[in-house]
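Dear colleague,

Here is the structure that I promised to hand over to you. Please look through it first, and then read my notes below.

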Amino acid sequence: MKTEVTVIGGGAAGLMAAITAKKNGRDVVILERKDRILKKVLVTGNGRCNLSNVNATNENYFGIEKQKQDINHILNNFLPTDVIDFFENKVGIICNEESRGKLYPLSGQAASIVDGLRFYAQNLGIPIYTDFYVTKVTKEMFEFKIFSEDKRQINSKKIILATGGISYPELGSNGSGYQIAENFGHSLTKLVPTIVQLKTEKHKIKGLRGIKLDAKVSAFGKNEDKFEKICTYEGELLFTDYGISGNVVFNISFVFPLYKEVEFEVDFMPKFDYNNLFTILKKRREILKNMTMEQYFNGMINKKLGQFLTKMSGIPKLSKNISELTDNEIKKICTILKKYKIKILDTNGFKNAQVTAGGIPLSEINLENLESKKTKGLYFAGEVMDVYGECGGFNLHWAWASGKFAGENV
């Protein structure tokens with residue numbers, strides 16, 4: 001079989017690339033190694049599909065390469081307003097803006113996006129070959145030869161590699177695209193899971209498994225001699241047996257691939273500043289003067305967490321009478337409630353990560369058209385490149401924007 005353009009990868013970036021190329025008059029096919037396309041999209045946003053973010057700009061994206069590449073022109077070519085227009089006026093999906101600019105289908109179902117794109121591509125007449133696991137790609141003269149695991153072959157003038165990273169491998173992103181790119185002379189930056197649960201120092205979370213609460217978390221990163229504050233998010237924090245999870249962790253975990261050392265500072269009482277909290281805790285010393293430290297945080301924060309933080313503040317015995325608390329001890333408790341430091345040791349792995357940080361370096365790609373600088377006719381789209389975004393629809397937005405850009409220029 002021969003075709004003009006072959007898109008390897010039936011995810012968000014691949015579908016958008018194929019749709020755009022087809023609408024520009026190209027003869028295009030999509031190859032997907034799983035039994036259906038867009039499997040990863042189906043589980044995004046807890047099955048609701050956070051498809052974009054109205055605030056998406058270059059500032060929301062990062063790379064492992066030391067010198068950050070400017071992708072503004074790619075993002076500006078397909079703005080969040082263009083995403084809304086495409087899905088509402090072409091695919092028939094009504095978009096709904098929620099907190100922090102997150103866009104979801106009004107139906108609240110990721111399946112709406114999957115079905116809408118699948119039907120749209122079919123109506124354009126784009127052949128989609130599922131269960132087509134590309135194991136080898138060669139180039140002879142001006143033509144690529146694409147071979148599947150079951151010995152099928154497609155000859156194509158151009159290729160758009162949209163195979164994703166290695167997060168959620170059971171949904172299709174198994175890293176096979178990296179091998180294809182490396183066979184054509186490309187290198188890889190370090191691959192790191194992101195938008196993922198995080199592993200921490202065990203003694204800082206011991207016995208807290210299952211405790212869930214709203215907190216403010218600030219991230220500090222160290223690359224040279226000192227830590228610098230990177231960002232702060234508020235949201236649900238969940239303690240696990242290995243570390244921390246919850247939406248505040250997913251929102252902030254994008255910093256981990258960027259720094260040699262990462263430390264979080266947790267504010268368990270974000271509704272109160274330090275001085276107000278100090279006043280509240282002194283008052284509790286009077287109200288609860290006949291009780292022990294075991295009851296000091298009752299009705300204030302999770303009792304078990306309060307007892308743990310009491311010990312971490314330097315009060316070893318919960319049998320200590322509350323009336324015996326000194327002002328200095330209360331100040332130490334205030335500090336640990338407002339600035340509890342936890343060192344981040346690792347992530348919970350690619351199997352649990354939503355996104356892969358790292359990939360094909362942008363320095364090896366012509367950013368004017370997303371064509372390889374190593375092999376003419378080879379283009380890239382989506383997560384396979386060394387670009388990743390914050391949590392909140394930014395990574396799917398990059399998939400749509402880069403897919404459209406590659407499809408226009410192929």
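**Contacts and overall form**

Among contacts (heavy atoms within 4.5 Å) in the protein between residues at least 6 apart in sequence, 73% join residues at least 24 apart. Please keep in mind that this is a predicted model, in which local features need pLDDT of at least 70 and side-chain atom pairs count only at pLDDT 80 or more, while totals for chains, interfaces and linings use all residues. Residues are numbered from 1 along each chain as its sequence is written, and side-chain values use heavy atoms, with hydrogens and water left out.

The protein has 11 helices and 22 strands, which are DSSP runs numbered from the N terminus (helices being H or I, at least four residues; strands E, at least two). Its C-alpha trace spans about 85 × 45 × 35 Å along the principal axes. Of the 410 residues, 55% are buried, meaning under 20% relative accessible area with a 1.4 Å probe, protein chains only.

**Helix α1**

Helix α1 covers residues 12-23, and at 1.5 Å a residue these 12 residues should span 16 Å, which agrees with the 17 Å between its end C-alpha atoms; the expected span is 1.5 Å times one less than the number of residues. In α1, 10 of the 12 residues are buried, including Leu 15, Met 16 and Ile 19. Just after α1, Gly 25 takes a positive phi of about 90°.

Best wishes

Conventions:
Buried means under 20% relative accessible area, exposed over 50%, partly exposed in between (1.4 Å probe, protein chains only).
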